Amino acid sequence: MRLLPKLLWLLLALFALVNALGALRYLLPHVPFPAELDNVSQRRIALSLHALGGAIALLAGPLQFVPRFRESNWNRHRLLGWIYCSAVLLGWCASLWIAPHAQTGWIASAGFLTLGAAWIVATGLAVQFILRGDALTHRRWMIRSYALTAAAITLRIYLPLSVAFHWPFSIVYPAIAWLCWIPNALAAEVYLRFVPTPSRITLPANLAATSPRFP
């Protein structure tokens with residue numbers, strides 16, 4: 001990896017770590033600095049499960065994109081992939097309980113529900129393609145999946161900015177429910193379109209023969 005990709009990866013990993021730790025605080029008996037949202041007080045279990053799934057997915061993702069880490073131990077990559085996909089499933093299932101009750105009404109709810117649908121579809125397609133032994137297409141869908149996972153990061157960048165600029169919450173929050181993930185999805189497509197990718201990915205023989213167990 002060259003210097004700029006390394007710096008961008010480190011920045012992503014740092015944001016993922018900080019946001020994951022922030023999300024995991026909702027698993028504590030007494031939440032420090034809880035967000036002033038109805039879901040925190042009224043749907044705490046679902047919110048905690050969503051936070052747990054999102055945090056694990058955030059933490060599991062960055063290492064999967066490091067070629068040296070991934071290719072030095074394909075069994076570890078497979079295990080971490082299953083952990084990531086299971087975390088996405090948990091986070092998405094829990095979001096179905098809390099997204100319809102998002103602050104400010106149906107526009108925000110629709111944004112988060114659409115994000116959840118795109119998240120689980122992208123991750124599910126990534127799993128489907130690796131079960132077929134198509135590692136290259138699997139890689140493309142996992143990039144899309146993690147771009148949507150990173151909506152948790154962009155959401156928590158936009159919210160403090162809206163407070164700093166004194167923008168009305170009732171207007172900003174519905175917009176953020178869409179803006180936290182649509183630019184991420186578009187950025188993933190730009191990356192996949194313009195950044196050179198391998199023409200093929202060859203799995204080790206012992207894994208290629210058992211591709212249904214490999215994500």
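**Chatting through a predicted helical model**

Student: Where is Ile171 found?

Tutor: Ile171 sits in helix H9. Helices here are DSSP runs of H or I with at least four residues, numbered from the N terminus. This is a predicted model, where local features need pLDDT of at least 70, side-chain atom pairs count only at pLDDT 80 or more, and totals for chains, interfaces and linings use all residues. Residues are numbered from 1 along each chain as its sequence is written, and side-chain values use heavy atoms, with hydrogens and water left out.

Student: Okay, is Ile171 buried or exposed?

Tutor: Ile171 is exposed, because its relative accessible area is 59%. The cut-offs are under 20% for buried, over 50% for exposed and partly exposed in between, with a 1.4 Å probe and protein chains only.

Student: And what separates the C-alpha atoms of Ile171 and Ile153?

Tutor: A gap of 20 Å, for two residues 18 apart along the chain.

Student: Switching topic: which residues make the nonpolar surface patch?

Tutor: Leu11, Phe15, Ile157, Leu161, Phe165 and Trp167 make the patch, which covers about 570 Å². A patch takes residues with over 30% relative accessible area and no salt bridge, joining nonpolar side chains (Val, Leu, Ile, Met, Phe, Trp, Tyr) within 5 Å and like charges within 9 Å. The areas come from the Shrake-Rupley method with a 1.4 Å probe, and for residues only the protein chains shown count as cover.

Student: Which helices supply at least two residues of that patch?

Tutor: Helix H1 (3–24) and helix H8 (151–164) each do. Leu161, for one, is in helix H8, and Leu161 is partly exposed at 39% relative accessible area.

Student: How many salt bridges are there?

Tutor: The count is 1 salt bridge, meaning a side-chain nitrogen of Lys or Arg within 4 Å of a carboxyl oxygen of Asp or Glu. Arg144 pairs with Glu189, and their closest N and O atoms are 2.5 Å apart.

Student: Now cavities. How many are 30 Å³ or more?

Tutor: There are 2 cavities of 30 Å³ or more.

Student: What's the rule for a cavity?

Tutor: On a 1 Å grid over the protein atoms alone, a cavity is a set of points where a 1.4 Å probe fits but cannot get out, and lining residues have an atom within 4 Å of a point. Points are joined across faces, edges and corners, and the volume is the space filled by probe spheres set on them.

Student: Last topic: which way does the phi of Thr104 go, positive or negative?

Tutor: Thr104 has a positive phi of about 80°, although it is not a glycine. Thr104 lies in the loop between helix H5 (74–98) and helix H6 (106–131). His166 is not a glycine either, and has a positive phi of about 60°.

Student: Where's His166?

Tutor: His166 is in the loop between H8 and helix H9 (169–179), and is exposed at 69% relative accessible area.

Definitions and conventions
1 Å grid on protein atoms, 1.4 Å probe; cavity = no way out; pocket = protein on both sides within 12 Å on 5 of 7 lines; lining within 4 Å.
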